Amino acid sequence: MHGLVSRRVDHGLLALLPLCLLWPTLRHLIESRMVLHMLVEFPVLFAAGWSSRRMLANSSACERIRLAGAALDWGGLTGAVLVSCVALFWMIPAALDASLLAPKMAAVKYASWLAAGFMMAGSWRRMAPELVLFFAGNLAWMSATAGLLYTDTSQRLCANYLVDEQHTTGVGLIVLALLLGAVALRQMMRLGGTPAAQAVKRPAEAKPPVATR
């Protein structure tokens, strides 16, 4: 019981963490640095959406969302596609610039990352191990591609950030890609040890030799 309450409190604090961005000084500090914008603000918004789903897990409203999500999110595919699209869109330099210059785009940014986290909190348990492998591998590939682009180019890709900021962010994205790649590799090793995988191997190993004439 104490553990359940403690988890609820943790989820509640994490879900409310984005409210700190209402403080203009803090928001400006985070969004004025490209590396903090992409590798701190985005994950915090995603985690807040995830925690909101967990915090409301036993509510009637969340139960209705869960039932609707189970019907629309077969095998976690919808959640995986949504998160992949959100991550891909906000790696585009022009999208980052637009979120800093247009309040409507900033609202879209906050809403999309919160929705992605909220959706993935329900989709994660529905995803087959093979889909988790593909999902993590695809995110790793996207992060690595964006990271290499940011580190290799000598021109400013974002109007609001200098080249040094781009390079630092590129290195951070490559590190993130390595972490996601490790998750994908771990998932692949787990798949290799599942009973289903062993069942596929056994008939091939037990196959009798073909008689030669």
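## Basis of the model

The model is predicted, so local features need pLDDT of at least 70 and side-chain atom pairs count only at pLDDT 80 or more, while totals for chains, interfaces and linings use all residues. Residues are numbered from 1 along each chain as its sequence is written, and side-chain values use heavy atoms, with hydrogens and water left out.

## Salt bridges

Side chains of opposite charge can pair when their charged atoms come close. A salt bridge here is a side-chain nitrogen of Lys or Arg within 4 Å of a carboxyl oxygen of Asp or Glu. By this rule the model has three salt bridges.

Glutamate 31 and lysine 109 form one of them, at 3.0 Å from N to O. This pair links distant parts of the chain, with glutamate 31 in helix H2 and lysine 109 in helix H7 (residues 103-123), 78 residues apart. Helices are DSSP runs of H or I with at least four residues, and strands are runs of E with at least two, numbered from the N terminus. Lysine 109 also forms a salt bridge with glutamate 41, the closest N and O atoms being 2.8 Å apart. Here the link is between helix H7 and helix H3, across 68 residues. Through shared partners, Glu31, Glu41 and Lys109 are joined into one network.

The relative accessible area of lysine 109 is 0%, so lysine 109 counts as buried. Buried means under 20% relative accessible area, exposed over 50%, and partly exposed in between (1.4 Å probe, protein chains only). Glutamate 31 is buried at 11%, and glutamate 41 is buried as well.

Glutamate 165 and arginine 33 form another salt bridge, at 2.6 Å from N to O. Glutamate 165 lies in helix H9 (residues 163-192) and arginine 33 in the loop between H2 and helix H3 (34-55), so the pair ties together parts that are 132 residues apart in sequence. Glutamate 165 is buried at 14%, whereas arginine 33 is partly exposed at 39%.

## Packing of H5 and H8

Two packed helices are described by the angle between their axes and the distance between the axes. For helix H5 (residues 77-89) and H8, the angle is about 5 degrees and the axes are 11 Å apart. Axes are lines fitted to C-alpha atoms, for helices over the stretch in contact, and angles run from 0 to 180 degrees between N-to-C directions.

On the H5 side, the residues in contact (heavy atoms within 4.5 Å) are Leu77, Ala80, Val83, Ser84, Ala87 and Leu88. H8 contributes Leu131, Phe135, Asn138, Leu139 and Met142.

Serine 143 lies in helix H8 (residues 129-152) and is buried, with a relative accessible area of 2%. Leaving aside residues up to four places away in sequence, serine 143 touches Met91, Leu173, Leu176, Ala177 and Leu180.

Leucine 133 is also in helix H8, but is partly exposed at 22%. Its C-alpha is 4.9 Å from that of alanine 184, although leucine 133 and alanine 184 are 51 residues apart in sequence.

## A nonpolar surface patch

Leu16, Leu19 and Leu22 make a nonpolar surface patch of about 330 Å². Patches are made of residues with over 30% relative accessible area and no salt bridge, with like charges joined within 9 Å and nonpolar side chains (Val, Leu, Ile, Met, Phe, Trp, Tyr) within 5 Å. Accessible areas come from the Shrake-Rupley method with a 1.4 Å probe, and for residues only the protein chains shown count as cover. Leucine 19 sits in the loop between helix H1 (2-16) and helix H2 (24-31).
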